[in-house]
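Student: I have a structure open and would like to learn how to read it. Could you walk me through it, one feature at a time?

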Amino acid sequence: MSRSAHPAGPRHADVLPEGHYTAPPSDLNRLDPKVWSRTVRRDEQGQVTVGGLSVTELAEEFGTPAYFLDEDDFRARCRAWAEAFGQDADVFYAGKAFLSRAVVRWLTEEGLNLDVCSGGELTTALSAGMPAERIAFHGNNKSTEEIHKAVSAGVGRIVLDSFQEIVRVAHVAQSLGKRQRVQIRVTVGVEAHTHEFIATAHEDQKFGIALAGGQAAEAVRRALSLDGLELIGIHSHIGSQIFDMAGFEVSARRVVQLLAEVRDEHGVELPEIDLGGGLGIAYTSEDDPREPHHIAKALTEIVTRECEAAGLRTPRISVEPGRAIVGPTAFTLYEVGTVKPLEGLRTYVSVDGGMSDNIRTALYDAEYSVALVSRTSDAEPMLSRVVGKHCESGDIVVRDAFLPADVAPGDLIAVPATGAYCRSMASNYNHALRPPVVAVRDGEARVIVRRETEEDLLRLDVG
Ligand SMILES: Cc1ncc(COP(=O)(O)O)c(C=O)c1O
Ligand SMILES: N[C@@H](CCCC[NH3+])C(=O)O
């Protein structure tokens, strides 16, 4: 929701505090297809269904809170990205958004590659049968053990993030008698229009090697000089939840400029560039994300044009969408526990989860939508704040939302677009048990990540 907002109907006209809210939607029962996954509907009884299963039956079988992931939607998005970029480009799904073995199998079947950024993600990918050559390994401080594991497994590429790592990876590869394919991650000096914590291409931050001051050119020099490395390209990732293509265009232009400099200095045309992930999705009806084919067209055109101008062969492009694939495919289902109206302010609706299953609102001031899903209601809109059950007043799931005024304990409410960076960033704060992820498809639901149990908590506590 935007901060611009106008007061709601008469009931709220003189009481709405400053905030992010807009006017309430004209129909609170409507599910905006922009923010809900593809197979979500409301049935004749007013219940929301996904993959043909109603939220009440899902809650009975799997409990709440729980993430429900629309498998058809996930697969369709993988295909849309693969088709948009075509045979001459590679799409790497960014596993940090959400990774499980089922997801790895879907990716493998749909022909996508995978970007991992830790030993744990790498193990998950390999254990579910993702061919190592389709894996890219990222991270700004990979341990020697992680590098060893990646090189031994034969990952398709390691993205080098520092001068120390150039030497480390070369050393490990040589000790294993291998030549590792690598890219160098550069920071192109773009200020992406997104939250400060998720912008990654301005110079004052921890990722990559700056183009400015000739640092990236020096990194290329060193990588080309080491026998254990095969430098295949340059990588740039400008940030996350970005709608404006301008940042990607500047990034592409600067990366191509570096390729031209490398050609001039070394007589080598690096064959690949990776433009990272970061494409935004709709969390509320006001967000307007681009379709994969628009993104593919814009990126391909700019790279081709810049390469022609520089007299370079067009390199193979790769991208790394995480959020744009998995984000819209899931919602979190909660049961309402308490409803607390604060006169002249808003109503606090407490659910059985919170910042342990969705930290994004607290961390980035992220905006979400919410709907009553176990029934419809004709009650008037009520300015609400959906909060969790943790010991923090910042434990907010949806900062400003309109729910029907008769929302009550026992109702099920759902927050859409929680497929990315929710389960993967979930915590055990207050010894919360992390919720399950349930994949739903064609009338069948299957747990792909089970709910944590108290035994899981106690198993780690060995003192
Ligand atoms: C190197 C890299 N690639 C890809 C991604 C995926 O980003 P997103 O999920 O926003 O597409 C990230 C995370 O921001 C990243 O750091
Ligand atoms: N975790 C972040 C984005 C960072 C992505 C990883 N580089 C989010 O939820 O938006």
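**Reading helices, core and domains**

Tutor: Let's start with helix α7 (residues 215–225), where Ala216, Ala219, Val220 and Ala223 are buried. Buried means that 20 or more other C-beta atoms lie within 10 Å of the residue's own; 12 or fewer makes a residue exposed, anything in between partly exposed, and C-beta atoms are placed from the backbone. Helices (H or I, at least four residues) and strands (E, at least two) are DSSP runs, numbered from the N terminus.

Student: Where do the buried residues of α7 lie around its axis?

Tutor: The general idea is that an α-helix has 3.6 residues a turn, so residues three or four places apart point the same way. Looking down the axis of α7, the buried residues fall within an arc of 100°, so they line one face of the helix. The arc is that of the directions from the helix axis to the C-beta atoms. Their cover includes β8 (157–160), α6 (163–175), β9 (180–187), β10 (209–210), β11 (229–235) and α8.

Student: What kind of model is this, and how are its parts numbered?

Tutor: This is a predicted model: local features need pLDDT of at least 70, side-chain atom pairs count only at pLDDT 80 or more, and totals for chains, interfaces and linings use all residues. Residues are numbered from 1 along each chain as its sequence is written, while chains are lettered from A and ligands numbered from 1 in the order in which they are written.

Student: Which residues of helix α3 are buried?

Tutor: In α3 (residues 101–110) they are Val103, Val104 and Leu107. Seen down the axis of α3, these too fall within an arc of 100°, so they line one face of the helix. Among the elements covering them are α2 (71–85), β5 (89–94), β6 (113–116) and α4 (119–127). Just after α3, glycine 111 takes a positive phi of about 80°.

Student: How many residues does the largest nonpolar core have?

Tutor: In soluble globular proteins, nonpolar side chains tend to be buried together. A nonpolar core here is a set of buried Ala, Val, Leu, Ile, Met, Phe, Trp, Tyr and Cys residues joined through C-beta atoms within 7 Å. The largest one has 131 residues, and those with the most contacts inside it are Phe68, Leu114, Val169, Leu333, Ile413, Ala414 and Val438. Helix α8 (residues 246–266) gives the largest share of this core, seven residues. Domain 1 (41–70 + 328–460) and domain 2 (138–321) both contribute residues, so the core lies between them. Such domain bounds come from an automatic or database domain assignment.

Student: Which residues does phenylalanine 68 contact?

Tutor: Contact means C-beta atoms, placed from the backbone, within 7 Å. Leaving aside neighbours within four places in sequence, phenylalanine 68 is in contact with Val50, Leu58, Ala330, Phe331, Leu333, Val438 and Val440.

Student: Is leucine 412 buried or exposed?

Tutor: Leucine 412, in strand β19 (residues 412–416), is buried, with 22 other C-beta atoms within 10 Å. Compare glycine 52, in the loop between β2 (48–50) and β3 (53–54): with 14 C-beta neighbours inside 10 Å, glycine 52 counts as partly exposed. Not counting residues up to four places away in sequence, glycine 52 touches Asp442 and Gly443.

Student: How many residues from each domain take part in the contact between them?

Tutor: The centres of domain 1 and domain 2, taken over C-alpha atoms, are separated by 36 Å. Eight residues from domain 1 and seven residues from domain 2 make the contact.

How values were computed
Contact = placed C-beta atoms within 7 Å.
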